[in-house]
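Please keep the structure in view while reading.

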Amino acid sequence: MRFEKQAVLAAMRKKAAKGQAVIVTAAGAGLIARVEDKAGADAIVVYNSGLYRMNGIASIAGNLPIGDANAIVREMGRTQILNAVKNTPVVAGIYGVDPTRDMRSFLQELAEIGYSGVINFPTVGKLSGPIRAELEQVGLGFPREVEALQTAAQLGFFTMAYCYCPEEARMLADAGVDILVSHVGLTAGGEVGVKTVAPLEAAAQKTAAILSAGLAARPDILPLCHGGPIATAQDLQYVCNNTPAVGFVAASSIERLPVEGSVADTVQALRAVRLPGAAG
């Protein structure tokens with residue numbers, strides 16, 4: 001079931017006005033999506049990286065040329081996620097610069113199977129240096145990603161956008177994106193998370209700079225945070241206290257890290273069981 005754009009945004013703004021954080025979660029498997037739906041997530045995002053991380057591969061694999069990102073998200077939605085979710089809008093992570101597809105036709109496919117929103121992932125915003133410059137020069141850069149989000153908005157999707165710097169935050173706000181998500185890097189911790197990240201205080205400062213730039217360009221944009229050291233409720237509380245963020249996009253922190261911890265704890269508890277009469 002698709003959810004109407006204005007209703008989704010109104011519900012999120014109402015929560016924020018009441019002082020409640022907006023929580024958007026990722027789902028790399030149907031069971032995760034089902035639990036998040038019942039637990040009251042405000043939206044659920046399907047990323048190609050979700051498929052990888054729930055199979056024990058680092059989320060950064062979502063940015064590597066090892067699979068068709070758009071096809072993965074279409075098929076995950078069609079066969080695993082959308083049929084498991086009843087009460088929550090589901091968001092597709094789209095690779096907006098994909099030169100192998102007509103993006104409008106692809107987005108129409110996503111609408112037909114039940115996606116209500118889109119977010120720019122994988123994103124060239126994560127790239128820098130010569131590869132970023134070359135992508136920009138051949139028309140496969142960030143502006144093309146922004147155009148894909150605008151096309152999605154024309155088709156009735158609500159739009160979310162990851163952003164890594166204030167300049168792109170202003171560009172996204174000017175383009176009419178509904179929800180701006182400051183991204184401060186891969187989530188730390190667990191078996192396949194990064195080992196070193198910026199301190200939470202530095203991450204909050206970067207988050208504040210990105211979100212403030214977007215809000216200055218368009219005050220009605222919804223500002224959320226994501227990534228790096230922001231992984232727990234306590235981390236989120238600190239960021240919300242010290243930045244304009246009114247909520248959080250939780251990916252590894254909502255599905256990978258909790259699963260890793262719970263499975264490990266359960267295995268250890270089961271290993272502690274002793275058979276009657278056994279020696280030692």
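## Charges over rings

A charge sits over a ring if NZ of Lys or CZ of Arg is within 6 Å of the ring centre and within 35 degrees of the ring normal. The charged end of Arg 2 is placed in this way over the ring of Phe 157, 4.5 Å from its centre. Likewise, Arg 101 lies over the face of Phe 106, at 5.3 Å from the ring centre.

The model is predicted: local features need pLDDT of at least 70, side-chain atom pairs count only at pLDDT 80 or more, and totals for chains, interfaces and linings use all residues. Residues are numbered from 1 along each chain as its sequence is written, and side-chain values use heavy atoms, leaving out hydrogens and water.

## Aromatic pairs

The whole structure contains 3 aromatic pairs (rings of Phe, Tyr and Trp, the last by its six-membered ring, with centres within 6.5 Å; planes under 30 degrees apart are stacked, over 60 edge-to-face, and the rest tilted). One of them joins Tyr 47 and Phe 121 edge-to-face, 5.4 Å centre to centre, with 80° between the planes. These two residues are 74 residues apart in the chain.

Phe 121 also pairs edge-to-face with Tyr 162, at 6.2 Å centre to centre and 75° between the planes. Here the partners are 41 residues apart.

## The cluster

Tyr 47, Phe 121 and Tyr 162 form one aromatic cluster. Tyr 47 and Phe 121 are both buried (under 20% relative accessible area, with exposed over 50% and partly exposed in between, for a 1.4 Å probe and protein chains only). Tyr 162 is buried as well.

How values were computed: Helix = DSSP H or I, 4+ residues; strand = E, 2+ residues; numbered from the N terminus.
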